[in-house]
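Take a look at the model below.

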Amino acid sequence: MQTTLTLVSTGNPAPGLRLALMLGVSALLLASPALSQQTRAAPVVQDEETEVDAVTVTANRQQPGAVVGDIPPEMQLTPRDIRAYGVSSVSELISALEPQTSTGRGGAAGGRPVILVNGARISNFAEVRDIPTEAIARVDILPEEVALKYGYSATQRVVNLVLRRRFNAKTFEGAYKASTDEGGGDIVDLRANLLRIQGDSRILMDGKFTSQNRLLETDRDLAQPRSDASFRTLAPGKTTGDLNLVLSRPLGNGVSGTVNASLEASDTNSWIGRNTLAGRALQRDSSTLTGHLGGGMAGAIKGWRWTATANAEQATSDSTTERLISGLGYRDRSKSVTTSADTQLDLNGTLLRIPAGGVSTTVTGELETLKLDSDSQRAGVARSASLSRDSGKLRLNLDVPLTSVRNDVLPFLGDLSANFNLSSEQLSDFGSLTSLGYGLNWGPNSKIRLIASVSRDEGAPTLSQIGDPEQLTPGVQVYDFKRGTAAVVSQLSGGNAALKEQEGRVFKLGLNLKPNNDWTLSSNYIDSRTSDLISSFPTGTSQIEAAFPDRFIRDAGGNLIQVDSRPVNFDRRDTEELRTGFTFRKSFAPPAAAGQGQGRPSQAGQGATAPAGGQASRPDQVGQPGQSAASAIPGMPPPEAPPGGQGFGGGGFPGGGFGGPPGGFGGRGFGGPPGGTVLQIGLYHTVKFRDEITIRPGLAKLDLLDGAAVGSSGGTAKNQVDLQANFSRNGLGTALNARWQEGTSVRGSGASGSQDLTYSGLTTVNLRLFADLGLQPALRANPFWRGARVSASIDNLFDAKQKVRAADGSTPITYQEDYLDPRGRTVRLSFRKVFFTFPARPPTTAARPAG
């Protein structure tokens, strides 16, 4: 089969492509009426060679819901492990897993990983972000190379969420967050959530409301406060609202579909100085409104898995800024409207078979259209811009097995495979961009995994980086390195139409060790170089001002009065780092209660091979060896099993299903004794060997490890340590996250060092305490407390703030601790109640296969 993708680059939007995209999005989303029909869930296909209707027995010993390919998870979490984090939703869980999912690939350290659900791609993060953590049966954390198998670039780790086969609950949560210092900035959160999962059908409705009051400069003890401090905010007043709806259903013939719609709105009010004409504060009012409609379908045909996704979104942003110029008042305005649509098709399967195994391939085609309209009025001068971009991308990924223990091909070498990936993207405004990557994946045995990869990627600046409306903010305090003093300037922000595309090259060598089920050790070395780096404008050191003199405006006396902070291209950035760490996890299941049997041992790491009796392992029955397979949800009472002892497995899991033996919802496992003990410890150390920026050819390099900086928080810390510790026992738990960063310094222009700045090291500790009230002896008899949790979260437990000192030991006004971190230590108190409900189970009609 030959596929040809042709796009004409004209610099203007292609109406035909945009129309085709809109029609494609509409066609995919108009399939949603079929989602409302109750259809029988499709068989779960775990292996194309061995499939039995309703129950799948996998010859490749793969866990249910696992990702495609031969790269095993670096780390797996069971329901009991997840509860030890004390978080409420998928978005909070992903944030809590940041030490395990951060990556230095492409300079995107700490970015959100690729999210999969039950081993399949999703259309966007909104599909899963609001799912309560009680609905998760297993979490797999995998390296960046797995992203290639799903049509992504290898710059992010992968998190695969395996959901329970049956879940029905309403969740309500309220929280209040405040600083331990006096003043404003308090935050109130309210949330309501409904989630129903039945086999492969899922419906989710979620609504959130957040209100934050303003924090003024006079609320903090600032040295040399400005005369108009009572008219300036350190944190703005802000109100946000969010509605999210997700509907997922099987459509028949092995095809499933999902529709997602969301609406987000926010209003922000900042005080930026005194309005002497009106006797009140100069204000900046900003509002945003974003509407999103997305969806996807997935299925399989002749051993090939396919996924189609589509998204359409419009985001509107309005801002009004009051200014005084020579005694005259001005009201600057800016507005931008971003409209986008995209559609993508992924095809994954075995291209051919060679002695060492199957050659797996993923082909991805993507079309996208994007338009940005912006208008601004500054000091009575109006500007407008309209930019658009149409793009098409084709990506190919190949995984070729070279040796195999299972297939007896050079078995003394273990399992060795090679990966090749290539993509080509055509943009209407930047022409053709290409990416190329290759690597090796070697597992000499089940306890050692070594991955080496090389990639080269080209990337264009975003339309926002090119065409955001110009906005001038008065009264911004900065440090003038040239004069060694603080300055109050007007700061210009917006897009830069002169930006060029960048090209990145990354080499990675990763080692993962699993000596036993409790320990996971990993080490990753990354060497990257980015040419024509697209970057936000850096801190205005003397070197930066010399390289970009037109970005700094001074008056006749040499005082800095305006800084242009729009993004720029650097000639090159080179980074080199090593990240090493370990995770230790230990779970102790409680003894079985009277009348409740212990679940069968976990099949984690043993695939999904059906045990005697022909009962297949379910995703919600994967746990630690020797513990209850599913780990009971705290306070969730076991329902009665349906007549005849036959459980409801949904989606092809009869017998042994929820309520059925063994390990059923109302039998062993899910309805087993609550509580238990979980201990988790993770410790990671990152050392930077190199972080250098070449501004322009012929200029000296900026060594971010030795005296240079691109941000207001100093240079790059040479060493960073992340510690994570979770402990829970019988519904009481604590979760601790700590980070230490080494101090840095920034050199000014004075030869004597009189204009240098020193940034202290910083250690921040965040602590979360929580209690599942339904598991406490004094409340266990009252049904209301089942599913209830109280939490107290303390961020920056020791109120640590970075200290910035000049050469004479003084702190520049701009770098006062309360300017850098106005909130300091904060405490968040929350109450969360989950109301579990149990709908009637439909009769199970699928026949139990022969054992």
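What follows covers ring pairs, a ring cluster and charges over rings.

The model is predicted. It holds 12 aromatic pairs. A pair of aromatic rings is described by the distance of the centres and the angle of the planes. Two of the pairs are set out here.

| Pair | Centre to centre | Angle between planes | Type |
|---|---|---|---|
| Phe507 and Tyr525 | 6.3 Å | 65° | edge-to-face |
| Phe537 and Phe552 | 5.8 Å | 50° | tilted |

Start with Phe507 and Tyr525. Why is this pair edge-to-face? Its planes stand at 65°, and angles over 60 degrees count as edge-to-face. Phe507 belongs to strand 23 (residues 502-513), while Tyr525 belongs to strand 24 (residues 519-535), so the pair ties together parts that lie 18 residues apart in sequence. Phe507 is partly exposed, with a relative accessible area of 29%. Tyr525 is partly exposed too, at 22%.

Now turn to Phe537 and Phe552. This pair is tilted. Phe537 sits in the loop between strand 24 and helix 6 (542-547), and Phe552 in strand 25 (residues 552-554). The two are 15 residues apart, and their pair links distant parts of the chain.

Tyr479, Phe481, Tyr759 and Tyr815 form a cluster linked by ring pairs.

Arg696 lies over the face of Phe548, 4.8 Å from the ring centre. Lys833 has its charged end over the ring of Phe835, at 4.0 Å from the centre.

Note on methods: Residues are numbered from 1 along each chain as its sequence is written. This is a predicted model: local features need pLDDT of at least 70, side-chain atom pairs count only at pLDDT 80 or more; totals for chains, interfaces and linings use all residues. Side-chain values use heavy atoms; hydrogens and water are left out. Rings of Phe, Tyr and Trp (its six-membered ring) pair if their centres lie within 6.5 Å; planes under 30 degrees apart count as stacked, over 60 as edge-to-face and the rest as tilted. Helices (H or I, at least four residues) and strands (E, at least two) are DSSP runs, numbered from the N terminus. Buried means under 20% relative accessible area, exposed over 50%, partly exposed in between (1.4 Å probe, protein chains only). A charge sits over a ring if NZ of Lys or CZ of Arg is within 6 Å of the ring centre and within 35 degrees of the ring normal.
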